[in-house]
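Okay, thanks for coming, everyone.

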Amino acid sequence: MRQLIGCCGLDCEKCDARIATINDDDTLREKTAKLWRELNNEPLITAETINCMGCRADGVKTYFCTNLCEIRKCAMSKGYATCAECSAKMTCPTLKQIANYAPVMDNLQ
């Protein structure tokens, strides 16, 4: 389970991208891509890019995780597994971006 907690603290096990990958569910891929494309104003997020085994897990990652996720980029650049290791997590403007859409801090305590 711990490896399925994303850098931001989200539970990758509950992520629609991971669920779609595991179940090979093209309908869920399309739904997820549409939502993520709108939330991120990013036309390169397509159903074909919705394949992921988890932010920190071995295996395939979504286009968003590998190319767009500033939280993942920041944690990795600092050598952190998750933002929980960062002393600035409670005031981090990058981490707050996702807090509007999901209860990030629950897994970062």
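Let's start with Asn 41, which is exposed at a relative accessible area of 68%; exposed here means over 50%, buried means under 20%, and partly exposed is in between, using a 1.4 Å probe and protein chains only. Before I go on, this is a predicted model, where local features need pLDDT of at least 70 and side-chain atom pairs count only at pLDDT 80 or more, while totals for chains, interfaces and linings use all residues. Residues are numbered from 1 along each chain as its sequence is written, and side-chain values use heavy atoms, with hydrogens and water left out.

Back to Asn 41: its phi is positive, about 50 degrees, although it is not a glycine. You'll find Asn 41 in the loop between α2 and α3, the latter being 63–68. For the helix labels, these are DSSP runs of H or I with at least four residues, numbered from the N terminus.

Now, Asp 24. Phi of Asp 24 is also a positive value, near 50 degrees, in a residue other than glycine. Asp 24 sits in the loop between α1 and α2, and it's exposed, with 56% relative accessible area.

So how do those two helices pack? The axes of α1, residues 16–23, and α2, residues 26–40, come within 9 Å and cross at roughly 160 degrees. Those axes are lines fitted to C-alpha atoms over the stretch in contact, with angles from 0 to 180 degrees between N-to-C directions. That makes α1 roughly antiparallel to α2, a label for angles over 145 degrees. On the α1 side, the contact (heavy atoms within 4.5 Å) is made by Asp 16, Ala 17, Ile 19, Ala 20 and Thr 21, and on the α2 side by Leu 28, Arg 29, Thr 32 and Trp 36.

Keep an eye on Arg 29, please. Which residues does Arg 29 join in a network of salt bridges? Asp 24 and Asp 26, where a salt bridge is a side-chain nitrogen of Lys or Arg within 4 Å of a carboxyl oxygen of Asp or Glu. The Asp 24 to Arg 29 bridge is 3.0 Å, N to O, and for Asp 26 the closest N and O atoms are 2.7 Å from each other. Arg 29 is buried, at 7%, whereas Asp 26 is exposed at 54%.

Last one: Lys 34 bridges to Glu 38 at 2.8 Å between the closest N and O atoms. They're 4 residues apart in α2, so about one helical turn separates them. A search of the whole structure finds 5 salt bridges.

Note on methods. Angles under 35 degrees count as roughly parallel, over 145 as roughly antiparallel, 65 to 115 as roughly perpendicular and the rest as oblique.
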